[in-house]
Amino acid sequence: MPVSLDNLLVVGISSRALFDLEAEEAIFRTQGLETYRKHQIDNENEILKVGAGFALVRALLKLNVLMHDQRFVEVVIMSRNSTETSMRIFNSIKHYDLDITRAVLSGGASLAPYLRAFNVSLFLSLHEDDVQAAINSGVASALLYQKPENAFEELNQIRIAFDGDAVIFSDESERIFQTQGIEAFENHERENAMKPLPEGPFARLLKALSYIQNNFKSADGRTAPIRTALVTARSSPAHERVIRTLRAWDVAIDETFFMGGVSKSDVLAAFKPHIFFDDQPGHCDRAAPLVQTGRVPLKYEQG
């Protein structure tokens with residue numbers, strides 16, 4: 001019987017997001033494929049330094065050792081490398097004792113067509129084209145910023161922070177704000193307070209995390225292995241629809257911050273997430289020096 005990934009949180013991560021391959025990327029861009037190929041083969045026993053997505057991946061994989069008879073997470077390394085240039089990646093995975101056994105080595109081709117084949121719930125990369133293609137295909141995806149100097153890699157708890165509109169929720173309300181202004185946005189949200197917001201690209205991921213959290217319920221909630229936060233620019237009266245939407249989804253977020261336009265950076269620095277997902281470049285630029293950040297591009301509609 002083939003192994004099924006249907007009931008697991010599957011994270012697809014590019015090799016450049018898992019490990020620091022910026023020097024190698026520069027060689028490829030400036031000196032070409034053949035020089036890059038030779039460099040990787042000559043250095044395949046040199047262990048790579050950790051990259052922007054490493055801390056999150058290592059933390060998520062720890063969930064699999066909490067119950068002896070159940071796995072919650074699978075990680076698939078997804079790389080545009082060819083088979084012959086991939087040994088350094090696999091040697092580094094072994095060095096860091098990461099429980100990663102599956103890989104996609106596309107030999108320069110787009111990775112997006114293979115996301116559905118592995119039931120990927122979240123795709124992380126430093127290549128904007130791959131991230132955009134993943135979002136367009138309906139897979140939660142983020143373009144990672146470089147790892148901040150004070151990255152929080154050794155927290156006992158997995159912490160993930162999300163923006164609301166265009167991330168957890170659709171960008172329907174965000175478009176009203178952008179095109180018609182704050183008053184029209186607030187009126188729209190007030191009139192539709194009882195109507196759940198449509199799902200955004202990260203709704204499925206949030207629901208998967210909530211499912212895992214329910215397997216580790218404790219009296220105080222603080223000892224749960226995953227803690228989530230919603231950090232949104234919304235404020236009253238636009239808060240009600242958010243609360244009712246999460247209730248309709250049967251999803252509990254541990255911490256919620258209705259910022260009302262105040263910068264998110266200080267709250268994020270206090271929450272200390274392994275990663276923060278937001279769609280606005282300005283928010284991401286301000287957060288990235290403090291916490292690991294991933295920008296969620298808007299989906300390009302066909303036609």
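**View 1. Strands β5 and β10 pair in antiparallel fashion in this predicted model**. Strand β5 covers residues 140-144 and strand β10 covers residues 293-295. The two are joined by 2 bridges. Leu 144 has Gly 294 of β10 as its bridge partner. Strands of a sheet pair through backbone hydrogen bonds, either parallel or antiparallel.

**View 2. Helix α6 packs on the sheet**. The helix is formed by residues 128-136. Strands touched by α6 are β4 (122-125), β5 and β10. The direction of α6 makes about 160 degrees with that of β5.

**View 3. The open sheet has 10 strands**. Their order is β3-β2-β1-β4-β5-β10-β9-β6-β7-β8, and the pairing is mixed. At the edges lie β3 (102-105) and β8 (255-258), each of which pairs on one side only. On average, neighbouring strands of this sheet are turned by 25 degrees against each other, direction ignored.

**View 4. The chain is divided into two parts, domain 1 and domain 2**. Domain 1 spans residues 9-144, and domain 2 spans residues 158-295. Taken over C-alpha atoms, the centres of domain 1 and domain 2 are separated by 27 Å. Contact between them involves 24 residues of domain 1 and 21 residues of domain 2.

**View 5. Domain 1 and domain 2 bury about 1800 Å² between them**. Carbon and sulfur atoms give 71% of this area. On the side of domain 1, Leu 9, Leu 56 and Phe 72 lose the most area to domain 2. Together these three residues account for 23% of what that side buries. The size of an interface is often given as the accessible area lost when the parts come together.

**View 6. A salt bridge joins the side chains of Glu 128 and Arg 295**. The distance from N to O is 2.9 Å. Across the interface of domain 1 and domain 2, the rule finds 1 salt bridge. Between the two domains, 4 residue pairs are in polar contact, counting pairs with both residues at pLDDT 80 or more.

**View 7. Several elements of domain 1 supply residues to the side that touches domain 2**. At least two residues each come from α4 (54-61), β4, α6 and β5. Strand β5 gives the most to this side, with 5 residues.

Methods: Residues are numbered from 1 along each chain as its sequence is written. This is a predicted model: local features need pLDDT of at least 70, side-chain atom pairs count only at pLDDT 80 or more; totals for chains, interfaces and linings use all residues. Side-chain values use heavy atoms; hydrogens and water are left out. Two strands pair if DSSP finds at least two bridges between them. Helices (H or I, at least four residues) and strands (E, at least two) are DSSP runs, numbered from the N terminus. Axes are lines fitted to C-alpha atoms, for helices over the stretch in contact, and angles run from 0 to 180 degrees between N-to-C directions. Contact means heavy atoms within 4.5 Å. Domain bounds come from an automatic or database domain assignment. Buried area is the accessible area (1.4 Å probe) that two parts lose on being put together, summed over both. A salt bridge is a side-chain nitrogen of Lys or Arg within 4 Å of a carboxyl oxygen of Asp or Glu. A polar contact is a pair of N or O atoms within 3.5 Å; within protein, one must be able to donate a hydrogen and the other to accept it, and residues adjacent in sequence count only if both atoms are side-chain atoms.
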